[in-house]
There are 2 protein chains.
Amino acid sequence: MPRTTSNKGLVLIVEDEPSQMELLSFNLTAEGYNVLRAEDGEEGLLLFQENNVDLVLLDWMLPNTSGLEVCRQIKRSKRATDCHVIMLTARGEEDDRIRGLDIGADDYIVKPYSIKELLARVRSGIRIRSAAKVDDMLTYGTIKMEINRRSVTIKNSVISMGPLEFKLLQVLLESPKRVFSRTQLLERIWTDNLDVETRTVDVHIGRLRKAIRAVNNEDLVKTVRGFGYSLDNIS
Amino acid sequence: MPRTTSNKGLVLIVEDEPSQMELLSFNLTAEGYNVLRAEDGEEGLLLFQENNVDLVLLDWMLPNTSGLEVCRQIKRSKRATDCHVIMLTARGEEDDRIRGLDIGADDYIVKPYSIKELLARVRSGIRIRSAAKVDDMLTYGTIKMEINRRSVTIKNSVISMGPLEFKLLQVLLESPKRVFSRTQLLERIWTDNLDVETRTVDVHIGRLRKAIRAVNNEDLVKTVRGFGYSLDNIS
DNA sequence: TAGATTTGTCACATAGTTGTTACATTAAAT
DNA sequence: ATTTAATGTAACAACTATGTGACAAATCTA
């Protein structure tokens, strides 16, 4: 189980040869990336769809679903802009390389490659993409919110909450450590329904806390007596 | 039904002369293709409709239904785009050849032909089509959708549904796990007809679920209360 | 044209969410 | 230590969102 508090990025490796997989996985982990491994195309696609992957290292010769198809599916999906695809081709597979770039792979590396070069390409790929990704994702400490999946996780455990609690957390996450007054929160979140007691905010903060507590015993929502609430790790 | 796991492709031969059939069948099998044999047009059509055929070798002079008719039927069917038709004509049947191409045959070979040339044409035909086919497939977990053929399968069982449910599933499948609001779905799917209630989306989601349920008891369409729907394996 | 299929809306049942209140608990001020 | 105001939270009724069968209108198909 890889420790997940690294913020370098999540790399998906799709490679059927165990020795290659080990080599890549070891080096990327050592550099601080989180690594997901898939041994064939189907598994790769599934992992891609289920996780917020920053970069894919994709072997071109795969059992079952081909690298070509995996790449096409990735690039067709609407998360495509977020994710950099580097394909790994054997020398001489020039046709595939051209088709791969046609379909939208962002880069390719010819085997055998130097690990140093590969790591450099990965770094650059992640750098390019990390900017675009921000709109869809909010992070603070171990909390991750993926807005268009409406999903919140703490330390990779999913938290479920009502719509208002979600919005509330979203506002807090957009400016961590900032203290919001009850009135400010009402204005931001209860945009249409204006005649709501300020005490209602307290109740929903309580509900948010309860949802978080189901997974994490440390209270991440701080009460600032006399002012309001903020998101903060208390220590 | 008889779909083995060779990845070269499935070829349907429609030819009434036993010696020709043997020659073709032997050579194609030797090259690694899967072969289906039909001795007349009717059988050919039947086999075509029941199998996922990549390429048809179609003799022009046939008992019962003529090659012309078979070709027309194939090209009229919904899987036409997936399937390459090569017609085999005797020297001098120029009229038929022109008519064949008119109707949508993709290539023709004049008898007597060299096997080498025929194999080359088959290879090229399959290559063209498999690229096209890959382009029109969407996958998530055990769901597979072939867009041009308008077919959806879960765990290899076919699901039938109305056109709107198909589009709906297609949109969801393009971004699995992403939550779409009813309005977003209306904008994407009801592009022309703009005055539709948002509740209509619910009804069609229900119909999609029902269609899926006929085959798979796990509900793959997730309701995200207060926001909309997404495609997801719930666990 | 007849028959089948598809479509949009409605009505009702069910299930989840929300705002409020009342009481408990806490923190600060005296 | 006592008082006071602010905050936490369980409970509950009202409200809102969703699932779904029924049905008539529209559309397609043979």
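Predicted model: local features only at pLDDT ≥ 70, side-chain atom pairs only at ≥ 80, totals over all residues.
Let me start with strand E3 of chain A, residues 55–59. Is this strand buried or exposed? Well, 5 of its 5 residues are buried, so the rest of the structure largely encloses it. Remember that side chains in a regular strand alternate between the two faces of the sheet. Here, both faces of E3(A) are covered. On one side you've got Leu55(A), Leu57(A) and Asp59(A), and on the other Val56(A) and Leu58(A), and every one of them is buried.

Now, who are the neighbours in the sheet? First there's strand E1 of chain A, residues 10–14, which pairs with E3(A) in the parallel sense over 4 bridges. If you want a spot to look at, find Val11(A): its bridge partner in E3(A) is Leu55(A). Then there's strand E4 of chain A, residues 84–90, and that pairing with E3(A) is parallel too, over 5 bridges. Leu55(A) turns up again here, with His84(A) as its bridge partner in E4(A).

What does its side chain meet? A polar atom of that side chain lies 2.5 Å from the backbone nitrogen of Leu10(A).

Alright, on to the interface. Chain B puts 22 residues in contact with 15 residues of chain A. Between them the two chains bury about 1,800 Å², with 54% of that on carbon and sulfur atoms.

How many salt bridges are there across this interface? The rule finds 1. In the model, the side chains of Glu42(A) and Lys144(B) meet in a salt bridge, at 4.0 Å from N to O.

Looking at the chain B side, the largest share of what touches chain A comes from strand E6 of chain B, residues 137–140, with 4 residues. And by class, that side of chain B has 9 nonpolar, 5 polar and 8 charged residues.

That's me done, thanks.

Technical notes: Residues numbered from 1 in each chain as written. Chains lettered and ligands numbered in written order. Heavy atoms only, no water. Buried < 20%, exposed > 50% of the residue type's maximum accessible area, 1.4 Å probe, protein only. Helix = DSSP H or I, 4+ residues; strand = E, 2+ residues; numbered from the N terminus. Pairing = 2+ DSSP bridges. Contact = heavy atoms within 4.5 Å. Buried area = accessible area lost by both parts, 1.4 Å probe. Nonpolar A, V, L, I, M, F, W, Y, C, P; charged D, E, K, R; others polar. Polar contact = N/O pair within 3.5 Å; in protein donor to acceptor, adjacent residues only side chain to side chain.
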